[in-house]
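Me: I would like to go through a structure with you. Could you take my questions one at a time?

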Amino acid sequence: MSLDCIFCKIANKEINTNLIYEDENVVAFNDLNPQAPTHFLVIPKKHYASLNEINEKGEFENIFSAVPKVCAKLGIKEYRTVVNTGASAGQTVFHIHVHVMAGREFGWPAG
């Protein structure tokens, strides 16, 4: 855990957040600045600053296997996932997180 990481504090329940999903490895919660009618984040409970820090295959699987579980719980069949890695790519919280967005059409190319 990083002492000043807001996502670590959410994962450790030091900040009261309405979790929409939790298992032993990850939590999911709604984004505070939604970019779609449905926009939530999936984060690991263990701190990794970005995708570049994950060297454990199991951790990558933990994060991404939770996405369809949350979507099924919410009745979502089509969605976009985004992982920003680094400030110039749009990462603003340096604890890896997957954005999951649904409920509208998305264009391509993204960004």
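Me: What should I know about the source first?

Reply: This is a predicted model, in which local features need pLDDT of at least 70, side-chain atom pairs count only at pLDDT 80 or more, and totals for chains, interfaces and linings use all residues. Residues are numbered from 1 along each chain as its sequence is written, and side-chain values use heavy atoms, with hydrogens and water left out.

Me: Which pattern does the protein chain follow along the sequence?

Reply: The pattern is α-β-β-β-α-β-β, with helices (H or I, at least four residues) and strands (E, at least two) being DSSP runs numbered from the N terminus.

Me: And what box do the C-alpha atoms fill?

Reply: Along the principal axes, the box is roughly 35 × 30 × 25 Å.

Me: How much of the chain is buried?

Reply: Of the 111 residues, 37% count as buried, meaning under 20% relative accessible area with a 1.4 Å probe, protein chains only.

Me: Changing topic, where does S50 lie?

Reply: S50 is in the loop between β3 (38-44) and α2 (57-74).

Me: Why does S50 count as buried?

Reply: S50 counts as buried because its relative accessibility is 9%.

Me: Which residues does S50 touch, leaving out those up to four places away in sequence?

Reply: S50 touches T85, Q91 and I96 on that basis, a contact being heavy atoms within 4.5 Å.

Me: How far apart are S50 and T85?

Reply: S50 and T85 are 35 residues apart in sequence, and their C-alpha atoms are 5.7 Å apart in space.

Key
Buried < 20%, exposed > 50% of the residue type's maximum accessible area, 1.4 Å probe, protein only.
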